[in-house]
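Q: Could you take a close look at one helix pair for me? I'd like the setting sketched first, then the packing itself.

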Amino acid sequence: LRLVAVLKAILEGEKAAVLKRDRHLPLSFHRRQEELKFSLGLQRLQHRVHEIQALRDSSAASPQLNMRDPQLKTEGKPPESELPTLILEATKELEVAKQQVLKRIQIWKRQQQLAGNGALFEENLAPLQKRCESLVEVYFQLHQQVMAASAELGAELLSRLLERFNEVLSSLVKR
């Protein structure tokens, strides 16, 4: 019985050590997953901005092409009807990326509060700063594309988009 008690104590000690060690693994895994999700969303957003620019460039060049060769016609939707849809999709993706950044900021704030009670706290703000800077950079690229396409969007859609852009930037700055 003594041998069983000693083995039981050893196994419980090992179990506690494994649980203590593995408790941090899911957190780092989730953090890495969150980083990958954000970077993928940001890349998708940058791709949308480039699509918008390419669509605007092709619509600006298409009248010249049609004058040279009247047999060349664009198939499918005209670029004018596709541009607002593409810009609205990019705006939605911008807002999703903003929510991810704000969520990460809130988590960082909570970890900072818990650090006052003795919890472990990673004070490195570089990843969070990089997220904010890359999001603001894409924000300004998208804003520039929207302003360049303002004539094609119409006054009502343009004002709604600018309002949404202002909300994105103000919420990032405030938090």
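How many helices and strands does the chain have, and how do H4 and H6 pack?

A: Bear in mind that this is a predicted model, where local features need pLDDT of at least 70, side-chain atom pairs count only at pLDDT 80 or more, and totals for chains, interfaces and linings use all residues. Residues are numbered from 1 along each chain as its sequence is written, and side-chain values use heavy atoms, with hydrogens and water left out.

The chain has six helices and zero strands (DSSP runs, H or I of at least four residues for helices, E of at least two for strands, numbered from the N terminus). So, now to the pair: the axes of H4 (residues 126-148) and H6 (residues 155-174) come within 11 Å and cross at roughly 165°. Those axes are lines fitted to C-alpha atoms over the stretch in contact, with angles running from 0 to 180 degrees between N-to-C directions. H4 and H6 are therefore roughly antiparallel (angles over 145 degrees).

The crossing is left-handed, meaning the near helix is turned anticlockwise from the far one by less than a right angle.

As for who touches whom, H4 brings Leu-135, Val-136, Tyr-139, Leu-142, His-143, Val-146 and Met-147, and H6 answers with Leu-158, Leu-161, Leu-162, Phe-165, Asn-166, Val-168, Leu-169 and Leu-172 (contact is heavy atoms within 4.5 Å). Those contact residues split into 13 nonpolar, two polar and no charged (Ala, Val, Leu, Ile, Met, Phe, Trp, Tyr, Cys and Pro are nonpolar; Asp, Glu, Lys and Arg charged; the others, Gly among them, polar).

Definitions and conventions:
Parallel < 35°, antiparallel > 145°, perpendicular 65-115°, else oblique.
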